[in-house]
Structures are given as structure tokens and as C-alpha cells.
Amino acid sequence: MRAEEAAERARAILDAVRSLYVGNEEAVEAVLEALVAGGHVLLEGPPGVGKTTLAKLFAMAMGGQFSRIQMTADLLPSDIIGSLVWDPKSGEFKVRKGPIFANVVLVDELNRATPRTQSALLEAMAEGTVTIDVYTFELPRPFLVLATQVPSDVGGVFPLTVTQVDRFAAKVLVGLPGRQGELKVLSMADALERPQVKQVATPEEVVALQEAARSVRVDGSVAEYIEDVVEEARKVSAPGTVSVRAALWLYRMSRARALLAGRDFVTPDDVKAVAPHVLRHRVVPQASGADPDAVVRSVLDRVRVPRG
């Protein structure tokens, strides 16, 4: 798929999602960039701002299957990936696939689940496969997990470790839509009860977008810039929190952003645009109470941008 064709397909998906989703435009673009980059996303925002709707609309726009998993403390790994069940008619065990087998999976309140169940989900995200008893199954392609978290100061949660959080390509902030946006939501109140948007792509076309992103060129100077940003982020973050995955996802997300802009090469501006999404959940400020987004902005301000 050529860069111009990829950009046209991406615009169609964005337009379809935006026809019913009212909120942070940047968040919609970031989710699409993560999808094209082959990553998964942590969604952060107050209740009732359309996080579930956002996930549903992406699935509809690309003609994919959607599922939602409500995490609770009594949820088992088999409730997510599936299990073997006894079929009395055939007299044998049969595989019952879990809700993880979908193109877009919304995992609500991820940190409500126990570490064991969290690990089963994160393993599926990392490997793209699940094992049920002795059987291994590939997950559908494309495969996008959008997960939300409960604030850590709320009771009954099992906070994600730094390693677990690092599995997500990006953390996207989904905020209140503002007065005009909320008025628009009110005007679409009936449509939002059962949101439906036109399918403008197929899962196969989204996979083609992912493959095309791998062909986007990253010049040596831009790769050096990515590494400089990551090294600077490590200087202002707690030890061990900004891993090699930070550099990898800056690289991949930058390629996705360039492709969706209709280019076959990455610019430093692409890196700067995706850096907040890639780094905000990896940077743990050394100063207590410091805002990770402010820290990331200061990192970008200090790193020299390559010219030419």
C-alpha cells in the first residue's frame, strides 16, 4: 500500500470515528497511530467520556469484531483467553474461545483483576497468541487492546507494575469534551445509545496499513534523535522505568504517523508528536508530584533537533 493510499484510508477511518465521537481529537489520532504501529493503548480519563464508544467506533469503521472485558477480582485467566469444556454429545472436550479473540478489545478497569489474570492478558498482547491447555491459537489481525485503569488510591485494585505498563505502546488521555462538545453530544443523544458508523475499511486493509508502516524510512539522524530523547528521559526518570521498548515504540509510532500523513519517511516532528503518548506512562519523575507530561515536554525542549 502506497503512502498516499494509506493516508486516504486513515482519513476515512478517522472521519467515521469522529462522526459520533466527540472529545480529544489528538486521542483519536493517537489510537489510530498505535493500531497501525501494531501496539496497544492505555486510556486514561474520567468516567463517562466515551472510552467504550471510542473502541466500538474503531471496530465498526474497520469492519472488525469488538469485545469488552470488565475486569474484576474474581476473574480468571480462562475467562479472558478461553478454556476446554466438556461436550456430552460428542463425548470429548472442545475449545471455547474467550473474549480476547476480537480485533478491538476494550479491557475496562484493568487493575481490578488479580496479577495472575493481568498477566494472561498481557501475555496475549505481547505474543499475539494464546494457549488453551495444549492448543495454541493465533489472535485475529489486526489486534488492538484498549485498557482503562482505576485510580490507584481507590480500594480493591492490583496496581500494574512498571514492567506491565511498559507493554503498552502508548498512554492516551481522554478528557471532557468542553461546552460546545458536550452540546454536540446532547444533539446526538439518541444515536449514541446504539452507536453505528459506516464501515470504511476491512481488517485486511488495516493489516496492509501495518505492513506499509514497516516500509517507512527512518534516516540515521532521526534514529539518533529518537535515542537522544530516550536517553534524556532516562536522566529525569526513576531508574529502570524507561526501557528499550520506549525507543522501539517511538520508532514504530513515528513511522505510523508519517504514513498516515502520506509520507514514506519520518521527520523529527513525527517523533515529537508521538513522544508524549509513548513516554508519559514510562517516565516516573524523580521529583514527587511532578507531572509526567511536563517532564516529557522539558525533555523534548532540551534535545537538539536534527536539521536537514
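Colleague: What should I know before I start reading?

Modeller: This is a predicted model, where local features need pLDDT of at least 70, side-chain atom pairs count only at pLDDT 80 or more, and totals for chains, interfaces and linings use all residues. Residues are numbered from 1 along each chain as its sequence is written, and side-chain values use heavy atoms, with hydrogens and water left out.

Colleague: OK, strands. In which sense do β3 and β4 pair?

Modeller: Strand β3 (residues 82–87) and strand β4 (residues 92–97) run antiparallel, joined over six bridges. Helices (H or I, at least four residues) and strands (E, at least two) are DSSP runs, numbered from the N terminus. Two strands pair if DSSP finds at least two bridges between them.

Colleague: What is the bridge partner of D87 in β4?

Modeller: D87 is partnered by E92. Four residues sit between the two strands of this hairpin, and G91 has a positive phi near 70 degrees.

Colleague: Which strand pairs with β2 in the parallel sense?

Modeller: β5 does, over five bridges. Within β5, V105 stands opposite S67.

Colleague: Switching topic. How many salt bridges are there in the whole structure?

Modeller: The search finds 18. A salt bridge here is a side-chain nitrogen of Lys or Arg within 4 Å of a carboxyl oxygen of Asp or Glu.

Colleague: Which residue forms a salt bridge with D108?

Modeller: R68 does, with the closest N and O atoms 2.7 Å apart. D108 lies in strand β5 (residues 104–108) and R68 in strand β2 (residues 66–70), so the pair ties together parts that are 40 residues apart in sequence.

Colleague: Is D108 buried or exposed?

Modeller: D108 is buried, with a relative accessible area of 15%. R68 counts as partly exposed, at 40%.

Colleague: Which residues are linked with R18 in a network of salt bridges?

Modeller: E25 and E29 are linked with R18 in that network.

Colleague: Loops next. What is the phi of E109?

Modeller: Phi of E109 is near 55 degrees, a positive value in a residue other than glycine. Most residues other than glycine have a negative phi, and most peptide bonds are trans. E109 is in the loop between β5 and α5 (115–127), and E109 is partly exposed, at 26% relative accessible area.

Colleague: And where does D133 lie?

Modeller: D133 is in the loop between β6 (129–132) and β7. Phi of D133 is positive, near 60 degrees, and D133 is exposed, with a relative accessible area of 55%.

Colleague: Which residues does a cis peptide bond join?

Modeller: R141 and P142, with omega at about -5 degrees. P142 is placed in the loop between β7 and β8 (144–148).

Colleague: Last topic, the largest pocket. What is its volume?

Modeller: The largest pocket has a volume of about 1200 Å³. Of the 48 residues that line it, L43, E44, G45, T148 and Q149 are the closest to its centre. A pocket is found on a 1 Å grid over the protein atoms alone, as an open set of points where a 1.4 Å probe fits, with protein on both sides within 12 Å along at least five of seven lines; lining residues have an atom within 4 Å of a point. Grid points are joined across faces, edges and corners, and the volume is the space filled by probe spheres set on the points.

Colleague: Which elements each supply at least two residues of the lining?

Modeller: Among them are β1 (41–44), α3 (51–61), β5, β9 (170–173) and α13 (292–302).

Terms used. Buried means under 20% relative accessible area, exposed over 50%, partly exposed in between (1.4 Å probe, protein chains only).
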